Amino acid sequence: MKLAVVILNFNGAKHLETFLPSVVKYSEAPIWVADNGSADNSKKVVEGFAQVNWLALDQNYGYAGGYNEALKKIDAEIYILLNSDVEVTEHWLNPMRKTFEEKPEVVAIQPKILSYTQKGSFEYAGASGGLLDLWGVPFCRGRIFNRCEKDEGQYNEEAEIFWASGACLAIRSAAFWEAGGFDPSFFAHMEEIDLCWRLHSLGKSIYAKPESVVYHLGGGTLHKSNPRKTYLNYRNGLIMLLKNLPKKVLIRRIFVRLILDGFSGVSFLFKGQWRDTLAIIKAHFHFYALAPKVYKASKNAPRSDKALAPFSIVWQFYLLNRKTYTALPHD
């Protein structure tokens, strides 16, 4: 199958210097660096790798828009979307390639994502595969909220998941464009979950392939504690629900989600993180302003909640003290 590894870059010269060597060494596929209008010396760094193609975009389109623009120009059956702060390992592409060849119903795959700084632990952005609860709150096999488990082989089995991490997302190009690509209005954060939800609504399958292993630094563009990231996560999470939930449950689920967000805002306040509380308030008001336009644009799109986990991860984690994926209900 024709694969292409595509690294979206924005002022990431230091990350490219650190992580691009492993990608070049272990990737048996063309490698592209798509640059989102960087002002640093990223191009000079990439020129040091003869095997790597440079694709310059005219401005910073964010993660969502940047990949949409770049992938229009890259011919491949499988796109491997890779963050610039990811170290890959030997033969990392082969297990994912094999699954695509053997299971035509699978349209997207993520590898096992471990922490670059603590290599025995799962990394926040995806771990061993992403799930979504009834209220649109994401969690992972190996990571619930900010608690990342140690990797002891407990999630080494191939499994169907709800969302594959944007830190390392392998996706069939035909399925990517059939679903409409990333939503550029998201700019960054949650866009891969939104895309995966649309793929589920089209009847597609998404897998975690832990046989393939990568190490992610995380926080390469925005750290998870950055109020800007908080704003984008909460705003985009609400937009995602509005776009994808079946209409019969839409109002109730969003209402509950708004209440849960309110509790998060209060929690941030008690921790002294008042900027994050303000970011949630800002996200809600912007969601209210955007909601009519978003709903109108998506009202005729396929909608489904069948692949959502049938419980609240907030309830499971905080009230029932179930801190790992294996401790959650598995009916």
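This is a predicted model: local features need pLDDT of at least 70, side-chain atom pairs count only at pLDDT 80 or more; totals for chains, interfaces and linings use all residues.

Modeller: Residues are numbered from 1 along each chain as its sequence is written, and side-chain values use heavy atoms, with hydrogens and water left out.

Biologist: What makes strand β2 largely enclosed by the rest of the structure?

Modeller: Buried means under 20% relative accessible area, with a 1.4 Å probe and protein chains only; four of the five residues of β2 (residues 31-35) are buried, so the strand is largely enclosed.

Biologist: How do you know that β2 pairs with β3?

Modeller: Strands, which are DSSP runs of E with at least two residues, pair if DSSP finds at least two bridges between them. Five bridges join β2 to strand β3 (residues 52-56) in the parallel sense, with Ile31 opposite Val52 in β3. Strand β1 (residues 3-9) also runs parallel to β2, again over five bridges, and there Val5 stands opposite Ile31.

Biologist: Why is the span of helix α7 described as close to the expected one?

Modeller: The expected span is 1.5 Å times one less than the number of residues. Helix α7 (residues 227-244), a DSSP run of H or I with at least four residues, has 18 residues and reaches 26 Å from its first C-alpha to its last, close to the expected 26 Å. Because 15 of its 18 residues are buried, α7 is also largely enclosed by the rest of the structure.

How values were computed. Buried means under 20% relative accessible area, exposed over 50%, partly exposed in between (1.4 Å probe, protein chains only).
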